[in-house]
Amino acid sequence: MKLALHQGPAIGGATEETFGVIQSRLAAAAAAGARMIVFPELFLPGYNRPDLHGPLAQPQGGAWGQRLCALTRAAGCGLAIGWAERDGECVYNAASCFSAAGEQIAHYRKIQLFGPMENTSFRPGGGYCLFDLEGLKAALLICYDVEFAPHCRALAEQGVELILVPTANPAGFEHVSALLVPARAVEMGLTIVYANYCGREGDIAYAGRSVVAGPDGQILAAAGPGETLLVTDLAVTAAIPQTLLSRQLDDYRTPQP
């Protein structure tokens with residue numbers, strides 16, 4: 001299966017420009033043969049926009065979700081994207097996955113909120129989301145979540161092969177995509193797709209450097225600091241010799257007192 005990743009600047013608000021970028025990138029990914037494209041964290045209505053998180057947050061199945069379903073159906077390409085979700089009085093930093101048929105197939109709320117802004121804007125999520133993606137057992141995490149090895153281990157123990165990670169990683173933290181994401185992938189024998197912003201949004205400069213890391217720790221695709229569309233074929237991971245894959249889940253020993 002081919003999979004794409006969009007790295008681009010944040011666009012404040014849920015504007016026609018925002019949906020225009022989503023539509024154009026879906027079309028480009030589909031033209032390249034991709035069955036899914038991953039966008040950054042809180043692409044709707046913007047990550048560094050706490051002024052918009054509460055006021056614009058929408059429920060599942062709302063206008064944003066309906067429009068995203070229509071866009072994926074028209075393009076024939078699925079979409080994983082971060083957005084601000086409202087559930088009653090609670091607002092969550094969420095991500096959803098929509099199939100190429102225009103159906104929502106997964107929804108996740110970020111567990112590991114990062115810093116004062118996120119902890120003020122959002123309530124933490126409480127559980128994982130596993131789903132089937134073209135025959136692969138997949139899951140969603142968001143940004144800071146993937147830096148915690150126990151989350152990747154918990155997903156691997158449930159048979160997850162692929163983790164899609166919308167992120168908003170600032171400049172100065174390039175080690176996350178260069179070191180931590182490949183480490184999480186190789187530790188648990190996973191493929192991890194880490195989709196970041198580039199450019200500036202208010203007082204945040206983003207690192208770019210989006211990456212797709214394979215289960216042997218090799219980089220399947222990587223972006224520089226600027227806007228780009230990455231496309232990679234996950235089929236290459238099937239040819240990796242089992243001797244190169246981690247056995248940590250089988251080999252780990254609990255220390256004895």
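Predicted model: local features only at pLDDT ≥ 70, side-chain atom pairs only at ≥ 80, totals over all residues.
The piece to start with is an open sheet of 6 strands, ordered S5-S4-S3-S2-S1-S14, with mixed pairing. Strand S5 (104-109) and strand S14 (228-233) sit at the edges, each pairing on one side only. Ignoring direction, neighbouring strands in this sheet are turned by 25° against each other on average.

- On the S14 side, strand S1 (residues 2-7) runs antiparallel to S14, and 6 bridges join the two.
- If you want a residue pair to look at there, take His6, whose bridge partner in S14 is Leu229.
- Over on the S5 side, S4 and S5 also pair up, with 5 bridges in the antiparallel sense.
- A handy pair for that side is Ser96 and its bridge partner in S5, His107.
- S4 and S5 form a hairpin with 5 residues between the strands, and Gly102 in this hairpin takes a positive phi near 85°.

- Is Thr232 buried or exposed? Thr232 counts as buried because its relative accessible area is 8%, which is under the 20% cut-off.
- Which residues does Thr232 touch, leaving aside its neighbours within four places in sequence? The contacts are Met1, Lys2, Leu3, Val212, Leu220 and Ala221.
- Lys2 and Leu3 from that contact list fall in S1, which spans residues 2-7 and is bridged to S14.

**Helices packed on the sheet**

- Helix H1 (residues 16-31) lies across S1, strand S2 (34-38), strand S3 (78-87) and S14.
- Relative to S2, H1 runs at about 145°.
- Helix H3 (residues 63-75) packs on the sheet as well, where it touches S3, strand S4 (90-98) and S5.
- The direction of H3 makes about 170° with that of S3.

**Helix H5 and what covers it**

- Helix H5 (residues 149-157) has these buried residues: His151, Cys152, Ala154, Leu155 and Ala156.
- What covers them? The cover includes three strands you can pick out by number: S6 (130-133), S7 (136-140) and S8 (162-166).
- Helices contribute to that cover too, including H6 (175-188) and H7 (248-251).
- Following H5 comes Gly159, with a positive phi near 90°.

**Backbone geometry worth a look**

- As background, most residues other than glycine have a negative phi, and most peptide bonds are trans.
- Leu42 is not a glycine, yet has a positive phi of about 50°.
- You'll find Leu42 in the loop between S2 and H2.
- Leu42 is buried, so don't look for it on the surface: its relative accessible area is 0%.
- That loop between S2 and helix H2 (50-56) also holds Pro45.
- Leu44 and Pro45 are joined by a cis peptide bond, with omega at about 5°.
- Cys143 is another non-glycine residue with a positive phi, this time about 45°.
- Where does Cys143 sit? Its place is in the loop between S7 and H5.
- Cys143 is buried too, since its relative accessible area comes to 8%.

Terms used:
Residues numbered from 1 in each chain as written. Heavy atoms only, no water. Pairing = 2+ DSSP bridges. Helix = DSSP H or I, 4+ residues; strand = E, 2+ residues; numbered from the N terminus. Axes fitted to C-alpha atoms, helices over the stretch in contact; angles between N-to-C directions. Contact = heavy atoms within 4.5 Å. Buried < 20%, exposed > 50% of the residue type's maximum accessible area, 1.4 Å probe, protein only.
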